[in-house]
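Morning, everyone. Please look at the sequence and the model on the screen while I talk.

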Amino acid sequence: MSEPGAQDVFPPGFFAREDERTDATFYGPPRLVTHIDDGAVAAVSDLYAELAVDGSSGEPRRVLDLMSSWISHLRVAPSELVVLGMNAAELEANPQATERVVADLNADPRLTFPDASFDAVLCCVSVDYLVRPVEVLREAARVLRPGAPLVLTFSNRCFPTKVVAGWLYADEDGRCAIAATYVRLAGGFGEPEISLRTPAHRYRGDPLYAVVARRL
Ligand SMILES: C[S@@+](CC[C@H](N)C(=O)[O-])C[C@H]1O[C@@H](n2cnc3c(N)ncnc32)[C@H](O)[C@@H]1O
């Protein structure tokens with residue numbers, strides 16, 4: 001019997017979106033904005049620093065930022081930063097990038113990079129837009145070196161017409177569980193760790209959650 005995939009775990013309609021037009025239509029115009037507030041951005045940068053995926057150690061690091069834009073939230077640029085997203089102008093404006101790839105992961109979830117060629121794979125506030133997330137994360141596992149982290153971060157803001165229905169209608173705990181399930185189904189990773197990276201009480205800013213797993 002084959003291992004369970006997303007179709008065996010998530011109900012029919014889970015990956016439907018209100019806007020089913022090709023993603024190239026929606027992401028055609030560049031959006032040179034920040035999608036989360038300053039506190040949430042700082043939480044992402046802190047996490048990357050803690051995991052030593054940025055360039056602060058001075059060690060060579062080849063990092064892949066999936067579903068990227070003009071900003072990758074790394075305090076110090078790694079020696080190599082490959083940014084992959086839908087909009088060429090956004091990626092061109094990313095000052096830390098050393099390589100830019102325009103690709104639609106919903107049309108084709110395969111990554112064009114060799115096996116075990118990255119020290120980290122990042123995906124910030126974007127995993128909710130994937131209609132084949134398990135296949136994309138299986139590819140992330142393939143391109144990561146053993147022990148290297150996959151870092152998924154997300155908040156509660158989104159482009160609602162492009163987010164998959166199952167995510168859109170889940171609460172915040174549910175979204176953490178969904179992201180962790182994607183990672184488990186992808187295979188090749190240790191148990192994902194879920195954390196809330198912004199304060200839990202009396203906090204008025206955008207929450208920032210992380211799901212981190214290391215390549216086996
Ligand atoms: C909310 S923005 C987040 C951008 C960036 N990661 C950040 O932290 O600001 C969502 C990003 O996902 C990318 N994206 C959306 N659908 C995609 C797809 N099908 N394939 C690849 N990238 C996609 C878009 O290019 C867009 O920049």
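I will cover a pair of helices, then a pocket, then a cavity.

One caution before the details: this is a predicted model.

Start with the helices. Two packed helices are described by the angle between their axes and the distance between the axes. Our pair is α5, residues 133-143, and α7, residues 172-186. They pack at an angle of about 60 degrees. Their axes lie 8 Å apart. Angles of 65 to 115 degrees would count as roughly perpendicular. At about 60 degrees, α5 and α7 are therefore oblique to each other. Their crossing is right-handed.

Which residues meet there? From α5, we have P133, V134, L137 and R138. From α7, we have Y182, V183, L185 and A186. By class, that contact has 7 nonpolar residues, 1 charged and no polar.

Now the open space. The largest pocket has a volume of about 560 Å³. It is lined by 34 residues. Closest to its centre are H35, M67, S68, V125 and S126. The lining splits into 18 nonpolar, 10 polar and 6 charged residues.

The largest cavity has a volume of about 60 Å³. Its lining is V125, D128, F154, S155, N156, R157, C158, W167 and R175. Of these, 4 are nonpolar, 2 polar and 3 charged.

Terms used:
Residues are numbered from 1 along each chain as its sequence is written. This is a predicted model: local features need pLDDT of at least 70, side-chain atom pairs count only at pLDDT 80 or more; totals for chains, interfaces and linings use all residues. Side-chain values use heavy atoms; hydrogens and water are left out. Axes are lines fitted to C-alpha atoms, for helices over the stretch in contact, and angles run from 0 to 180 degrees between N-to-C directions. Helices (H or I, at least four residues) and strands (E, at least two) are DSSP runs, numbered from the N terminus. Angles under 35 degrees count as roughly parallel, over 145 as roughly antiparallel, 65 to 115 as roughly perpendicular and the rest as oblique. A crossing is left-handed if the near helix is turned anticlockwise from the far one by less than a right angle, and right-handed if clockwise. Contact means heavy atoms within 4.5 Å. Ala, Val, Leu, Ile, Met, Phe, Trp, Tyr, Cys and Pro count as nonpolar, Asp, Glu, Lys and Arg as charged, and the others, Gly among them, as polar. On a 1 Å grid over the protein atoms alone, a cavity is a set of points where a 1.4 Å probe fits but cannot get out, and a pocket is an open set with protein on both sides within 12 Å along at least five of seven lines; lining residues have an atom within 4 Å of a point. Grid points are joined across faces, edges and corners, and a volume is the space filled by probe spheres set on the points.
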